[in-house]
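Me: Could you take a close look at one part of this model with me, and then follow the side-chain pairings elsewhere in the chain? I'd like the cut-offs spelled out as you go.

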Amino acid sequence: MHGEYKVPGGKLVVVDLDVEGGALRNVRVAGDFFLEPDEAILAIDAALEGAPANTDTAALAARIDAALPASTVMLGLTSEGVAVAVRRALAHATEWSDYDWQLIHEAPQSPVLHMALDEVITAEVAAGRRPPTLRVWEWAAPAVIIGSFQSLRNEVDPAGAERHGITVVRRISGGGAMFVEPGNTITYSLSVPDALVSGLSFADSYAYLDDWVLGALGDMGIKAWYQPLNDIATDAGKIAGAAQKRVAGGEGAVLHHVTMSYDIDADKMLEVLRIGKEKLSDKGTKSAKKRVDPLRRQTGLAREAVIERMIASFRDRHGLTQGRVTDEEMAKAEELVRTKFGTEEWTARVP
């Protein structure tokens, strides 16, 4: 069995092992990490040898920690990262390179249609009718997107939304409200087979699926990091928030979507969203009298150039071919707009 795991902010860990009599055997750990002293790698292998195959990640990491020499130094590697790689091997997890990734980046769509497309495309991936897909959104109108379980009245000021012509929609994933305007945010979705995140905890899957964009930001000179549970942060504060939804059917799939702040009008945002002081600081500003513009300011690039570089970075890492929303997928999405996402029953399902 073979498992791989990229430690968030670190290096690749590779584990090869067998299972005999319900226990781990012939365990070999490798990777492009740094580890001192040399005998520490043998200690890791020995610590895992004979462990019950149903041992969870925390217990595997504890076995490794107990076996390491006192002088051990790990760079780009953690005991938990090794344990996760073991669990991925046991779960027969797939890797990014196992798939032919497809890009969808099309003309602006209405906010409500974007909600429907997320559900349809991820369901198509789950059913095996579509390859894993990176979809970059273009917005046809400003919107507030509330999480699946948020209270509509607690999150949105209806007078402010009406005054600024803001559409309010509810997505299928959890998490917090997002304020978006065309040209001021960058939003993308990853629709991936469940096998890609097999062996990962829910929290670990966020870091795993965000890793490519951290690399893309690094290529643009931005030092960014994953901030549990679902944020991407820099020295300038939070620049992005992620949300996920597991979709059943077929082999199963995961929807992972991210909205990044390019240049947000904070005054308008505060007239539309009901945000307390704590949330305001989390969004990168202590005063409403400014814009939240970390990507524009830190890159000095136009929004379109940032998107182009992100796509190029993904393509360099994992491969990416141009695709599109099929006629069948669009028809399904439009039907979901009519029956679900465009209805008051759905938008106000948590009043």
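Reply: Happy to. Thr 343 sits in the loop that runs between helix 12 (327-341) and helix 13 (344-347); helices here are DSSP runs of H or I with at least four residues, strands are runs of E with at least two, and both are numbered from the N terminus. This is a predicted model, so local features need pLDDT of at least 70 and side-chain atom pairs count only at pLDDT 80 or more, while totals for chains, interfaces and linings use all residues. Residues are numbered from 1 along each chain as its sequence is written, and side-chain values use heavy atoms, with hydrogens and water left out.

With a relative accessible area of 18%, Thr 343 is buried (buried means under 20%, exposed over 50%, partly exposed in between, with a 1.4 Å probe and protein chains only). Its side chain reaches the backbone nitrogen of Trp 346 at 3.2 Å. Leaving aside residues up to four places away in sequence, Thr 343 touches Val 337 and Arg 338, where contact means heavy atoms within 4.5 Å.

Now to the aromatic rings. The structure holds 11 aromatic pairs; rings of Phe, Tyr and Trp (its six-membered ring) pair if their centres lie within 6.5 Å, and planes under 30 degrees apart count as stacked, over 60 as edge-to-face and the rest as tilted. Tyr 188 and Trp 212 make an edge-to-face pair, 5.2 Å centre to centre with 65 degrees between the planes. This pair links distant parts of the chain, with Tyr 188 in strand 11 (residues 185-193) and Trp 212 in helix 7, 24 residues apart. Tyr 188 is buried at a relative accessible area of 1%, and Trp 212 is buried at 3%.

Charged side chains come next. Those of opposite charge can pair when their charged atoms come close. A salt bridge is a side-chain nitrogen of Lys or Arg within 4 Å of a carboxyl oxygen of Asp or Glu, and by this rule there are 15 salt bridges. Lys 6 and Asp 211 meet in one of them, at 3.4 Å from N to O. Lys 6 lies in strand 1 (residues 2-6) and Asp 211 in helix 7 (residues 202-219), so the pair ties together parts that are 205 residues apart in sequence. Lys 6 is partly exposed, at 28% relative accessible area.

Another salt bridge joins Asp 118 to Arg 135, with the closest N and O atoms 3.1 Å apart. Because Asp 118 lies in helix 4 (residues 111-126) and Arg 135 in strand 7 (residues 133-136), the pair ties together parts 17 residues apart in sequence. Asp 118 and Arg 135 are both buried. Glu 138 forms a salt bridge with Arg 303, the closest N and O atoms being 3.1 Å apart. At 16% relative accessibility Glu 138 counts as buried, as does Arg 303 at 5%. Finally, Glu 124, Arg 129 and Lys 332 are linked in a network of salt bridges.

Notes. Polar contact = N/O pair within 3.5 Å; in protein donor to acceptor, adjacent residues only side chain to side chain.
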